[in-house]
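Here is a short tour for anyone meeting this structure for the first time. Take a look at the picture, then read on.

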Amino acid sequence: MPLTDVACRNAKASDKPIKLFDGQGLYLLVQPSGSKLWRLKYRFEGKEKLLALGAYPEVPLAGAFDKSSKKRVEGARERRADARRALSEGIDPSAQKKAQRRQRRAAADNSFEAVARAWWKQWSVGRSEVHKQQVLRRFESDVFPVIGSIGVAALTAQDVLAVALKIEKRGADDIAKRAYQTCGQVLRYAVAHGLATRNPAADIKPSDALKPARHKNYARLDVREVPELLRKIDAYDGSVYTRCALRLMALTFVRTSELIGASWDEFDLQSRQWRIPAERMKMKTPHIVPLSRQALSMLDELAAVRMGRTMVFPGERDHNKPMSNNTLLYALYRMGYHSRMTGHGFRGIASTVLHELGHRHDLIELQLAHSERDAISASYNWATYIPQRSEMMQTWADHLDVLRAGVKAVPFKAA
């Protein structure tokens, strides 16, 4: 007589295992420990064999729709039917199951996530720590959840495009394009290492399906709002690293990635200079930031809590990695500047005010690292006009002190 789900659910074994038969070789093996295992007895090439079909109730007697996962769950009877179908075609179900297991293991080894991590490890050599972690975070947050489990040999252009379109949907157009291009690099790596025969991402250009890139205008305050911002930064009750990072950014107006990736060995306090290496700069040439008295004081405050760490602004969880770009952004949000000010906004403010104060345009552009960097001028420009730039940076820091104090600042022509 065929089994019922009630009989399976209520079955118990006392001292010895018991078998509840459903027919055609299928039975439920009930152990004294309480476990219930589906088994299929069959013959192949004259030999009696046994095939494991899963455990009850994870594998029910008959297939059913699972409301929690919103998927159909295959039952023991369906698995029995699959095995008997293989037998009718002259295939041993046990051998077939082992082959499928091997295929799944191979697919897992060659999944997009596994191959992407291998590519990232090779690609990372010589890259800045900030850039490396930025690419890895993009994979982990945007790419792996969508296509990470798919084997690289099975991926299609539409699979990769789905990742980019999902990112674009939240308004991150530039990141969507970069994610698609990076996935293409991973798939080229897969082809080069014999893990796939072709790169499907090459079938579609980002411009074929994604929105055209837009010029990014960074949010920034009006110069008249700067005094209040400076006072709010001084009063910020969050991490000392976050407060000091915002103050140092205001004093040096470097890019956010250049600030948070700073390590202590980049600072020459004797010469009062911060020397940012080429690999951490957008223009890929080294950059000197003259340090004002106020900036040096800020570094003294950070040195007091350094505790042997390499990073000037360590991450909250991993002190060997830099803090996140979002840390500064969220701090500005907490101060009431959501969508009104970003870390990059300090650069625009500094440029505007320094021009108003009468400083030379070429010095300002040099300090912003905006100058042209051709092969001939690159080695020259990074160390050009250091005395004049040092004077300008001290004037800027003094001007911020005046603004913070609420005194009306009168523009004057720089010497």
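How many helices and strands are there in the chain? The chain has 17 helices and nine strands, where helices (H or I, at least four residues) and strands (E, at least two) are DSSP runs numbered from the N terminus. Keep in mind that this is a predicted model, in which local features need pLDDT of at least 70 and side-chain atom pairs count only at pLDDT 80 or more, while totals for chains, interfaces and linings use all residues. Residues are numbered from 1 along each chain as its sequence is written, and side-chain values use heavy atoms, with hydrogens and water left out.

**The overall picture**

Let's start with the chain as a whole. Its C-alpha trace spans about 100 × 45 × 40 Å along the principal axes. The radius of gyration of the chain is 32 Å, whereas a compact globule of 415 residues would have one near 22 Å. That radius is taken over C-alpha atoms, and the globule rule is 2.2 Å times the number of residues to the power 0.38.

Of the 415 residues in the chain, 44% are buried. Here, buried means under 20% relative accessible area, exposed means over 50%, and partly exposed is in between (1.4 Å probe, protein chains only). The chain exposes about 22900 Å², with carbon and sulfur atoms supplying 52% of it; these areas come from the Shrake-Rupley method with a 1.4 Å probe.

What about contacts, meaning heavy atoms within 4.5 Å? Take those between residues at least 6 apart in sequence: 57% of them join residues at least 24 apart.

As for charge, there are 68 positive and 45 negative side chains, and the centres of the two sets lie 6 Å apart. Lys and Arg count as positive and Asp and Glu as negative, while His and the chain ends are not counted. Each charge is placed at NZ of Lys, CZ of Arg, CG of Asp or CD of Glu.

**A cluster of rings**

How many aromatic pairs does the structure hold? It holds ten of them. Rings of Phe, Tyr and Trp (its six-membered ring) pair if their centres lie within 6.5 Å; planes under 30 degrees apart count as stacked, over 60 as edge-to-face and the rest as tilted. Two of the pairs share phenylalanine 139:

| Pair | Centre to centre | Angle of planes | Type |
|---|---|---|---|
| Phe112 and Phe139 | 6.3 Å | 65° | edge-to-face |
| Trp119 and Phe139 | 6.0 Å | 85° | edge-to-face |

Phenylalanine 112 sits in helix 4 (residues 112-123) and phenylalanine 139 in helix 5 (residues 129-147), so their pair ties together parts that are 27 residues apart in sequence. Tryptophan 119, in helix 4, and phenylalanine 139 are 20 residues apart. Phenylalanine 112 and phenylalanine 139 are both buried, and tryptophan 119 is buried too. Ring pairs link Phe112, Trp119, Trp123, Phe139 and Phe144 into a cluster.

Threonine 182 belongs to helix 7 (residues 173-192). What does threonine 182 touch, not counting residues up to four places away in sequence? Its partners are Trp119, Val135, Arg138 and Phe139. Threonine 182 counts as buried, at 11% relative accessibility.

**Loops worth a look**

Now for some loops. Tyrosine 56 and proline 57 are joined by a cis peptide bond, with omega about 10°. Proline 57 is in the loop between strand 4 (47-56) and strand 5 (64-66).

Glutamate 45 is not a glycine, yet it has a positive phi of about 55°. You'll find glutamate 45 in the loop between strand 3 (36-44) and strand 4, and it is exposed, with a relative accessible area of 71%. Serine 339 is another non-glycine with a positive phi, about 65°, and it is exposed at 55%.

Serine 339 lies in the loop between helix 13 (325-334) and helix 14 (345-356), and tyrosine 337 is also in the loop between helix 13 and helix 14. Is tyrosine 337 buried or exposed? Tyrosine 337 counts as buried, at 2% relative accessibility. Beyond its neighbours within four places in sequence, tyrosine 337 is in contact with Leu221, Glu228, Leu229, Lys232 and Leu332. Tyrosine 337 and leucine 221 are 116 residues apart along the chain, and their C-alpha atoms are separated by 8.6 Å.

How values were computed:
Contact = heavy atoms within 4.5 Å.
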